[in-house]
Amino acid sequence: MTAQVLEPCLFCRRPAAELHHPTGRGPDGRYLDPSWRVPVCVRCHRLDLPLWRDLGLDELRDPLAARLGRNTFFLGRLRATARPVTLGPDAVAGLHASQVAAFQLAPGRAEVVAQ
């Protein structure tokens, strides 16, 4: 069942129809970050996979590389809108959780924390 989306698409401001998971799915088919969702229209949502393929982001098997690469891609798409964008509190919390998860997977994280 699809949740009703009341906010406009983050990219084009059309009515959003879906909630998009910016980090996508891992090799096991589960969402890497289930709580990291943003409102998008169908057209903008369908743009991601071909662009991910072009950049090699769909092939990433390492959860750390996938999270960081796909989050960077998503934030770059937002930057390309060339207008101020406001993420809702749930989206901000989801992005934060995604980055924390990536940090926890990073090699040498104990050394970073200790500094």
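The exercises below concern a predicted model of a protein chain.

**Exercise 1.** Determine whether Glu-18 is buried or exposed, and find which side chain makes a polar contact with its side chain.

*Solution.* Begin with location: Glu-18 lies in strand β1, residues 18-20. Next, take the relative accessible area, which is 16%. Buried means under 20%, so Glu-18 is buried. Then list the residues in contact with Glu-18, leaving aside neighbours within four places in sequence: Val-5, Val-38, Pro-39, Val-40, Val-42, His-45 and Arg-46. Finally, look for the polar contact: the side chain of Glu-18 makes one with the side chain of His-45, at 2.4 Å.

**Exercise 2.** Check the span of helix α2 against 1.5 Å a residue, and state what covers its buried residues.

*Solution.* Helix α2 covers residues 63-80, that is, 18 residues. The expected span is 1.5 Å times one less than the number of residues, so α2 should span 26 Å. The end C-alpha atoms of α2 are 25 Å apart, which agrees. The buried residues of α2 include Leu-64, Phe-73, Phe-74 and Leu-78, and also Arg-67, Arg-70 and Arg-77. Their cover includes β2 (38-40), α1 (42-55) and α3 (89-105). After α2 comes Ala-82, with a positive phi near 55°.

**Exercise 3.** Decide where pLDDT stays under 50.

*Solution.* Start with the chain: the average pLDDT is 84, and 90% of the residues score at least 70. The stretch under 50 is residues 110-115, for which the model has 2 contacts beyond four places in sequence. Where pLDDT is low, predicted coordinates should not be read in detail.

Definitions and conventions: Residues are numbered from 1 along each chain as its sequence is written. This is a predicted model: local features need pLDDT of at least 70, side-chain atom pairs count only at pLDDT 80 or more; totals for chains, interfaces and linings use all residues. Side-chain values use heavy atoms; hydrogens and water are left out. Helices (H or I, at least four residues) and strands (E, at least two) are DSSP runs, numbered from the N terminus. Buried means under 20% relative accessible area, exposed over 50%, partly exposed in between (1.4 Å probe, protein chains only). A polar contact is a pair of N or O atoms within 3.5 Å; within protein, one must be able to donate a hydrogen and the other to accept it, and residues adjacent in sequence count only if both atoms are side-chain atoms. Contact means heavy atoms within 4.5 Å. pLDDT is the predictor's confidence in each residue, from 0 to 100.
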